[in-house]
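Please look over the fold below before reading on. The report then goes through it helix by helix.

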Amino acid sequence: MSRQAWVLVVIAGILALATLVGAVVLAVRVVRTRRLLAGLGAGGKVAFYGALIYTIFPVDLLPDPIYLDDMGVLAGALIYLSRLVHQRRAAGRRLPGQPDGPPDRDRAQRPVP
């Protein structure tokens, strides 16, 4: 094998490793949102479990050494779940796992001089 071929193999390996790490990081972030699922309704649960099942399932749009499709699905689910969380917080509803209110209610209600 020529030197150029080895360089291409090394670069391809580094890119494959980087996409794998990216997919794992996104999967961990999606899993961390699991504690909020009870308050996000059916759409949040479908997005959460659908993204995880797609990532784990061996049948993909792209072969498994290429994790770009998995990363796209996980990122899309994470964006959707974070929007649901923000909508729920904007509506003033408490999410599971959140404290009941600000730690110091007097401080939160005092006007800023």
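## Overall layout

This is a predicted model. The protein chain has four helices and zero strands. Read from the N terminus, its elements run α-α-α-α.

Of the 113 residues in the protein chain, 25% are buried. The accessible surface comes to about 8,300 Å², and carbon and sulfur atoms hold 66% of that area. Take the contacts between residues at least 6 apart in sequence: 56% of them join residues at least 24 apart.

## Helix H1

H1 covers residues 3–32. It has 30 residues and reaches 44 Å from its first C-alpha to its last, close to the 44 Å expected at 1.5 Å a residue.

The buried residues in H1 are Thr19, Gly22, Ala23, Leu26, Ala27 and Val30. They pack against helix H2 (41–56) and helix H3 (68–90). An α-helix has 3.6 residues a turn, so residues three or four places apart point the same way. Thr19, Gly22, Ala23, Leu26, Ala27 and Val30 can be read with that spacing in mind.

## A nonpolar patch on the surface

Leu17, Leu20, Val21, Val24, Val25 and Val28 form a nonpolar patch on the surface.

## Helix H3

H3 has 23 residues, which should span 33 Å at 1.5 Å a residue. Its end C-alpha atoms are 33 Å apart, so the two values agree. Just after H3, Gly92 takes a positive phi of about 85 degrees.

The buried residues of H3 are Asp69, Asp70, Met71, Leu74, Ala77, Leu78, Leu81, Leu84, Val85 and Arg88. Their cover includes H1 and H2.

Leu84 lies in H3. With a relative accessible area of 17%, Leu84 is buried. Leaving out residues up to four places away in sequence, Leu84 touches Leu40, Gly43 and Gly44. Leu84 and Leu36 are 48 residues apart in sequence, yet 10.0 Å apart in space, C-alpha to C-alpha.

## The nonpolar core

In soluble globular proteins, nonpolar side chains tend to be buried together. Here the largest nonpolar core has 18 residues. Leu26, Val30, Leu40, Phe48, Leu52, Leu74 and Leu81 touch the most other members. H1, H2 and H3 are the elements that give two or more residues to this core. The largest share, seven residues, comes from H3.

Which residues does Leu52 touch, not counting those up to four places away in sequence? They are Val30, Val31 and Leu74. Val30 and Leu74 are also among the core members with the most contacts to other members.

## Tyr67 in the loop

Tyr67 sits in the loop between H2 and H3. Its relative accessible area is 22%, so Tyr67 is partly exposed.

Apart from neighbours within four places in sequence, Tyr67 is in contact with Ala16, Thr19, Leu20 and Ala23. Tyr67 and Val21 are 46 residues apart in sequence and 9.4 Å apart in space, C-alpha to C-alpha.

Methods
Residues numbered from 1 in each chain as written. Predicted model: local features only at pLDDT ≥ 70, side-chain atom pairs only at ≥ 80, totals over all residues. Heavy atoms only, no water. Patch = residues over 30% accessible without salt bridge, like charges linked within 9 Å, V, L, I, M, F, W, Y side chains within 5 Å. Areas by Shrake-Rupley, 256 points an atom, 1.4 Å probe, with all protein chains shown as cover. Salt bridge = Lys/Arg side-chain N within 4 Å of Asp/Glu carboxyl O. Buried < 20%, exposed > 50% of the residue type's maximum accessible area, 1.4 Å probe, protein only. Contact = heavy atoms within 4.5 Å. Expected span 1.5 Å × (residues − 1). Core = buried A, V, L, I, M, F, W, Y, C linked by side-chain atoms within 4.5 Å.
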